[in-house]
Amino acid sequence: MAAGVATWLPFARAAAVGWLPLAKKTMPKPPVDNSSRSDEILYVNVSGVRFQTWKNTLDRYPETLLGSSEKEFFYNEDTQEYFFDRDPEMFRHILNFYRTGKLHYPRNECIQAFDEELAFYGIVPEIIGDCCMEEYRDRKKENQERLAEDTEANEASDAPLPPHSTSRERLWRAFENPHTSTMALVFYYVTGFFIAVSVIANVVETVPCRPPKGSVKDLPCGEKYQLAFFCMDTACVLIFTFEYLMRLFAAPSRCKFMRSVMSVIDVVAIMPYYIGLVMPENEDVSGAFVTLRVFRVFRIFKFSRHSQGLRILGYTLKSCASELGFLLFSLTMAIIIFATVMFYAEKGTKGSTFTSIPASFWYTIVTMTTLGYGDMVPNTIAGKIFGSICSLSGVLVIALPVPVIVSNFSRIYHQNQRADKMRAQQKVRLARIRMAKKGTTNAFLQYKEDRAIGDRDSDSTALCVKNRSAFEHQHHHLLHCLEKTTNHEFTDEMTYSELCMTESVGFRTSRSTSLSSQQGAQNNSTGCCPRRARRRAAMRLANSTVSVSRGSVQELDMLHVKTTSIPPQTRSSLNAQSDDLKLNCGEQDFTAAIISIPTPPANTPDESLPPSPAPIPGILRNTRATAYTHDTVKISSL
Amino acid sequence: MLTMNLEGLEMIAVLVVVVLFVKVLEQFGLLEAGYDDSVEDELELSAVRHRPEGLEQLEAQTRFSRKELQILYRGFKNECPSGVVNEETFKDIYSQFFPQGDASTYAHFLFNAFDTDHNGSVSFEDFVMGLSILLRGTVQEKLNWAFNLYDINKDGYITKEEMLDIMKAIYDMMGKCTYPVLKEETPRQHVEVFFQKMDKNKDGVVTIDEFIDCCQNDENIMRSMHLFENVL
């Protein structure tokens, strides 16, 4: 809870006077406040620099060093002050945290020194305020990465293989990281070599070679040495196919592998060859066949497995897609506009090359990118004017987005990283809030337990009293008063969901009217939990012969007994508070037992009943647990 | 070619050239486009600052000692440096004590009860006066304060609707996870019980006298009135 809230607690408690006339039950006693009311100034000496502050200020955070009794270890009797042999500069920030409730991170300090100070004073870094949190996290991440890089560089780069890995895993590892074994390295270089060979062959086979004897025309080498090129192509494709199948076999997730970009490139690189084998030497399809050969050039992309730079470039382009799209769009707009204008400007001219607007597109693009081939030239004055405007604006349109892309790239890249961090932090923050809420609830339920014990048995109070601050005592007392006002109790999520779940459990009403009338008087709730309440009352009323004597009729049912506290409803008194189960502090065993109620227990109309399971043999004592969230005991009664 | 047949498109072309020329001239400052000097009127909205009355006066008006007032003010000023609490802050602070439920409605009623001069903010004096009644006041005064809290429109009568609003606000603070599970009619039933007890002449409203009489006759309530006296 925030520090400042502690100062408002007296106000909240005072305002509880407003509940008093409405309360259904009597209010619990307030906690005894033993702490001295007067506030005093404490002196804290940190390496010679003396700080002074109110005691209350430090008491705001009882779970830190300065707020708890831990600081007494540092108390110096002679000088009547607390002496810490730490950095006074840092201590200033720590003390400001107590004063203002917000912890700031000083930007000029080393992150590790700061962390160490926080750890010493028992402050969790999550408390750092939003203003400084991002800086803190960035610096911390940077630091960790730098340390990690250093350790990585120091270690040998070849990590040993994990033992007991299957051959498949080893194969995949060899493919992904060629430096692991010599075989992998050899394979890596061989494939690289063959990719290069294949690409060069594709290029060379189009170069015109000297024509064979008896022919005048120059032949491309591919047709002259057809067999040689075919053999080389076959060899390359065989290697590639073999590699692809190996990768497919070794991949941990075949579907994911087949969808990845590299595998698509592999397939596209080798498919043309097979299609060419399969297809007959037909005139019609040979055109398509020639097209397919174009795809062989994609083999060059296989190099990206061998080159980190290509991969980074690909990622860069992908992340700048929106900027590139904008560039394309603005260019298209400009092209269309200028092409239209040029067409209409040159329309009248005889022999104009601007035959249509799409034809003018070519002129516009060539002019805007300042290529200026000169194959299309305007002749009219208007055409020339607009042509010059076109080329000037072309320079602007193309030059402007490029630096924007560059700066956007670096911004987007960093932003992406930050967005991921934020998302993770958000999840952590929500989880923390949930935990804090649960923590408050649990602490309160715990408090009620302790009170119940304390009311009945003063001996065990000593055992059960935990080191809880006065603030917590008072806060819990306040919540307790609210419970009494409304005659409802706070529970936790688990219990609540279970309460509503088990209302579907079959319930045979074999109770007498006296029981139900008492229920009506005692219990306001209807619907969801009457059966449980009646069941519980049945347990308590086990002394009476009413319900138990019908032992034969009762079927096997499930009882929920909250281990935290049983609603204090005895037979006759609304106000007396009795817990039905004897609770021992600190122990934590749960038993689910099948109880049988063989005989009607003795009728002891005693107000201060011993725990009702006592007359019912067979129920093992349920002991309280210190953890509340998931503890309900199911007792089946017969 | 001095005589030019200016046709449509050529006209436009010439126009464009002229416009560009003008723009270039503007750049060189030879042609001034008329700019209105925007008068900047910035109203310095000074934050609401409030300083409380002197310590002696507060000591006289409330039943707190000097030291207690000092402690109270230090805490108050720490949380609200401007010296006043507005309703939003009030709701936030109060809600922190009841994480399970929604305390904002009840905080609204509380705020109205503390804000005696109804100016929309609780100053330190309002705060301390309220606390003085609640912690150091006589039983009569406390009951008076409670009545004032319940009487939402401050007309001297508590109607069933007002009580129902208050009751719902209180039950809202409990939240969802309660045992036994909160039902829709629980607050209404509670109001019925309350009215049965308090409304002596069964006229559907509870007046201040009925309220105080009834409370004074109820032992439980009287005993619990002394509960929070040692809070400060």
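**Exercise 1. Orientation of two helices in chain B**

Task: In this predicted model, determine how H5(B) and H7(B) are oriented to each other, and which residues make the contact.

Solution. Two packed helices are described by the angle between their axes and by the distance between those axes. For helix H5 (residues 104–114) of chain B and helix H7 (residues 139–150) of chain B, the axes come within 9 Å and cross at roughly 125 degrees. Angles of 65 to 115 degrees would count as roughly perpendicular and those over 145 as roughly antiparallel, and H5(B) and H7(B) are therefore oblique to each other. The crossing of the two helices, H5(B) and H7(B), is right-handed. On the side of H5(B), the contact is made by B:Tyr106, B:Phe109, B:Leu110, B:Ala113 and B:Phe114, while H7(B) contributes B:Trp145, B:Asn148 and B:Leu149. Sorted by class, the contact of H5(B) with H7(B) comprises seven nonpolar residues, one polar residue and no charged residues.

**Exercise 2. The second largest pocket**

Task: Describe the volume of the second largest pocket, and state which helix gives the most to its lining.

Solution. The volume of the second largest pocket is about 1,200 Å³. This pocket is lined by 45 residues, of which A:Phe175, A:Glu176, A:Arg247, A:Met262 and A:Arg305 are the closest to its centre. Several helices of chain A each supply at least two residues of the lining, among them helix H6 (167–176), helix H9 (226–250) and helix H11 (261–278). H13(A) gives the most to the lining of this pocket, with eight residues. By class, the lining of the second largest pocket holds 24 nonpolar, 11 polar and 10 charged residues.

Technical notes. Residues numbered from 1 in each chain as written. Chains lettered and ligands numbered in written order. Predicted model: local features only at pLDDT ≥ 70, side-chain atom pairs only at ≥ 80, totals over all residues. Heavy atoms only, no water. Axes fitted to C-alpha atoms, helices over the stretch in contact; angles between N-to-C directions. Helix = DSSP H or I, 4+ residues; strand = E, 2+ residues; numbered from the N terminus. Parallel < 35°, antiparallel > 145°, perpendicular 65-115°, else oblique. Left-handed = near helix turned anticlockwise from the far one by under 90°. Contact = heavy atoms within 4.5 Å. Nonpolar A, V, L, I, M, F, W, Y, C, P; charged D, E, K, R; others polar. 1 Å grid on protein atoms, 1.4 Å probe; cavity = no way out; pocket = protein on both sides within 12 Å on 5 of 7 lines; lining within 4 Å. Points joined across faces, edges and corners; volume = space filled by probe spheres on them.
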